[in-house]
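I opened my notebook beside the model and looked things up one at a time.

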Amino acid sequence: MIEHLETDVLVIGGGAAGMAAALSASRAGVRVTLLEREKKTGGVLNQCIHHGFGLQFYQQELTGPEFAFRLQSEMNEHSVKVISESYVRHINTKSKYVEVISPEGVFTIQAKAIVLSTGARERPFGALQIPGDRPAGIYVAGLAQRMVNLENTLPGRRALILGSGDIGLIMARRLTLEGMEVLGVVERLPYAGGLTRNVVQCLEDYDIPLYLSHTVVEVRGNKRLEKVLVSEVDENFTPISGTQKWFNVDTLILSAGLIPQVEDLGENLEIDAINRGFAVSNTCETNVPGIFAAGNNVAVFDLVDYVAAEGWIAGQNASKIVKDQKRESKRIPVIRGKNVGVLVPTYITPEEHLRIYIRLKKPMDKGTVIIKKLGIEKPFNYGVPSEMINFVVNRDKLQELKGPVKIEVIE
Amino acid sequence: MKIAIIGGGVIGSLLAYELSHYEVNIVLIEKNHDFGLGVTKANSAIVHGGYDDPPGSLRAELCYKGNQLYEELAEKLKIPLKRTGSFVVARNCKEDLEKLEELLSRGEKNGVKGIEVVGRDFLEKYEPYLSEEFEYALHCPHTGITEPWMVAITAVKEAEKSGAELVRGDAVVGGEVSEGKVKYLQLKSGRKIEADIIINAAGLYYHEVANIFGVPTPQVYLRKGQYILLDHKASEMVKHIIFPLPSEKGKGKLVVPTIDGGVLLGPTSENLPEFTPEDVSTTLEGIKEVIIAGNELVPGIAKPNWIIKSFAGLRPETQKKDFFIENSDRVRNFVTVGAIRSPGLTAAPSIARYVIEEILERRMSINLTKRVSDKKSVPDSFRVKESDLDEIAAKIRNDEKYGRIICQCNQVSEAEIIKAIHEGARSIDGVKFRTRAGFGRCQGGFCTWKIAKILARELKIQLSEVRLNEEGTALFNGKVRV
């Protein structure tokens, strides 16, 4: 028998964004159901046992599990219904009707609004088009982190890390602390992909070399990984001949980028081509009315605090729909100008405050964010693509807005 | 009568299955820990149409027959089979059109039904993303796709139900020949197996196995094919199998939908200079070639974001490029089924029947008696992904593990994984090939640790003993803390 449930706001995904969304919606007084695919909510926070989370959202430095625990405790207080180990098989975005499979049985859920908070996934080895053998010993960083931090299992003895994303940097330190030899972190860009503080605290403090403008060009190993060929690359990422060097390692950890999880989540949802996530407005609403998205499925954020903050906004706006509060559906497109890479939001709805998140296309010693239409000029010192520029524009400033808004960064 | 089959690829497995319909004792020896993981694993997974092979060759004789036999196999073994149909595409030029006509007439000579040359309107209707360069195509509606390893795995399972003995993780390393007959096979483990007839279906190693017993077989050459697997998203762009015009190097680099909803590009066709059967490495050139070729047929299909895996497979060939299926004059109870290159997967069911009817019964005058049909239970091929909600709900009521989805990308439940392990999966790859868990766009990034834990629990081993595939491929090195 298939059980049918009804709820006001349905949140899909119980990581930082989803829990914050569930919490804010429930505080607004509507019924909230949260679907979590794992046994426990928290998402990737659960395996991020290092600290450095929560400084903005909770004004307190927490570990990942602590951050998740706080959100979950608050959800308990506000009686959010959590269905764990649930798999969303289909979403009808138009009618807000969802099919779910779980060990408890098969459910269908009718919601009034939906918040998608499905996070990101790691780019797999195969996507990197690295030639060579296909041995054991190659792991995406999240998998290695899970095994070391939660399953008490080491991946190997000697490791090289490809990609200097935050999780790769953090795993360099973790593996070193747990007795593995980490020979280096290889990054094809001329600058690190992760936060500066992680480069300092995870590599420099442990004398782990960072090979910038380098990449892995071949992997070798009969059964288990034996060696990895690393080459310097030019500005087009083409290997420079004569710079190749073998690293004898049994483990290769990949931290080569996160991909927002947007596929198979219902038809007709617009994707922002650069962010590769759902195109949302500053109310976190997608192009389909009543469907919201927040967190790493919108764009890969640098801090979990931002993810939670966005989730919070998504939950609030979802609850407004339920309460049938009158709302403007105006969506003014935001256009990327010079030097702007990842940019959230993709649209502006003028009746809410506008939070802007920008990733620069390249590192800059100095620069200014310019939004001519809003009369905004925000100078900054030392900006890197890995750290988002983030600021809020008060809604009062948006009232008269007409036509697309261009955001650019001048060096 | 006891028959020993060496090699549990698709050929050996289907031989065991077909022979299990006769009053014989069967022992199947596979050196890997699971079936279908050699040549069978890494190819285009196509059930070919039968129009491409040179008339008069064994390949031509057995391909179309094999294609037609898949219908029955799919029904009896519950193996996946999807008749996608295929297009061999051609430009509007004399040379191309002549080749297309040549294919059509070859097909007719091979007895293939239902093929025809179609024009641009037809192509646009059915494959709107196909490159505009191609204005004609040979359309073959009965070309299909399957899961090659599942053909092997389900075939041996059925053979086992009829009493066949399956030996895994043990290889034939020697034996005794006396009075022109193999007396026994010597396995690596030390075990000796006596049999009346030996069938050598050792894939890449057929030449080596034949050598052990002094049976002359044509020299084996290895040909490598590199592939790229694309995300499910790519299947929005292609529904049929798209072939370029074949050349002397083979059928060319294709665009092929896969059974689980992805798309395969490739293969390259490279002669390996030496006999290096373990070399399934990919190369930068190979990967590039495959991407370029895919985009030539279906522009834009090889999107970098859609590439989730690259791999290579090997195929055994002889100079004559035909299958080598012979009983030996010198060693009278020894049969070699070798050089099974393309379209070996397609021909496999008819190869099995050819071995029984032509080689064993006719040429070797062995009298085989058909078994009085014993009722076998229908194989259970339940997959959550392919079932409707009511069916899944019913399954969950009996076993909640059907509701615990472990592989999110391919919607594989814990119950399916446990079943695969109990039926013989011994590694992460073993589970992957049997259930499709880890085959999807995250390539196991999310589910590998869960599958590792289920393997450890079900096999009662430590996590550090969980392997990616064969021995020596342990995934983990030991505990962080004791």
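This is a predicted model: local features need pLDDT of at least 70, side-chain atom pairs count only at pLDDT 80 or more; totals for chains, interfaces and linings use all residues.

I went back to helix α4 of chain A, which covers residues 166–177 and has 12 residues. From first C-alpha to last I read 17 Å, close to the 16 Å expected at 1.5 Å a residue. Next I looked up burial, and the buried residues include A:Leu169, A:Ile170, A:Met171, A:Arg173 and A:Arg174. Among the elements that cover the buried residues of α4(A) I noted α3, β14 and β15 of chain A. Also on that list are α5 (196–203) and β20 (251–254) of chain A.

Then I turned to strand β10 of chain A, residues 113–116. I saw A:Ala113 and A:Val115 point one way, while A:Ile114 and A:Leu116 point the other way. All four residues are buried.

I traced the pairing next. β10(A) pairs in the parallel sense with β2 (residues 9–12) of chain A over 4 bridges, and A:Val11 stands opposite A:Val115. β10(A) also runs parallel to β22 (residues 291–293) of chain A, joined by 3 bridges. There the bridge partner of A:Val115 is A:Phe292.

**Entry: where the chains meet**

How many residues of chain B are in contact with chain A? I got 52 residues of chain B against 49 of chain A. The two chains bury about 4700 Å² between them, with 55% of it on carbon and sulfur atoms. B:Leu389, B:Trp449 and B:Val480 supply 15% of the area that chain B buries against chain A, more than any other three residues.

On the polar side I have 6 salt bridges between chain B and chain A, and 22 residue pairs in polar contact. α9(B) gives the most to the side of chain B that touches chain A, with 6 residues. One salt bridge I looked at brings together A:Glu151 and B:Lys453, at 2.7 Å from N to O.

Another is A:Glu178 with B:Arg481, whose closest N and O atoms are 3.0 Å apart. A:Glu178 sits in the loop between α4 and β15 of chain A and B:Arg481 in the segment after β24 of chain B, so this pair joins two chains. A:Glu178 counts as buried, at 13% relative accessibility. I also noted a network of salt bridges that links A:Glu85, B:Glu400, B:Arg404, B:Glu414, B:Arg457 and B:Glu458.

**Entry: a salt bridge inside chain A**

I checked A:Asp272 and A:Arg336, whose side chains meet at 3.0 Å, N to O. A:Asp272 is in the loop between β21 and β22 of chain A and A:Arg336 is in strand β23, so the pair ties together parts that are 64 residues apart in sequence. Are the two buried or partly exposed? A:Asp272 counts as buried at 6%, whereas A:Arg336 is partly exposed at 25%.

**Entry: an asparagine in chain B**

B:Asn110 is buried, with a relative accessible area of 12%. Its side chain reaches the backbone oxygen of B:Asp53 at 2.9 Å. Among the residues that B:Asn110 touches I listed B:Gly50, B:Tyr51, B:Pro54 and B:Ala60.

How values were computed: Residues are numbered from 1 along each chain as its sequence is written. Chains are lettered from A and ligands numbered from 1 in the order in which they are written. Side-chain values use heavy atoms; hydrogens and water are left out. Buried means under 20% relative accessible area, exposed over 50%, partly exposed in between (1.4 Å probe, protein chains only). Two strands pair if DSSP finds at least two bridges between them. The expected span of a helix is 1.5 Å times one less than its number of residues. Contact means heavy atoms within 4.5 Å. Buried area is the accessible area (1.4 Å probe) that two parts lose on being put together, summed over both. A salt bridge is a side-chain nitrogen of Lys or Arg within 4 Å of a carboxyl oxygen of Asp or Glu. A polar contact is a pair of N or O atoms within 3.5 Å; within protein, one must be able to donate a hydrogen and the other to accept it, and residues adjacent in sequence count only if both atoms are side-chain atoms. Lists of a residue's contacts leave out its neighbours within four places in sequence.
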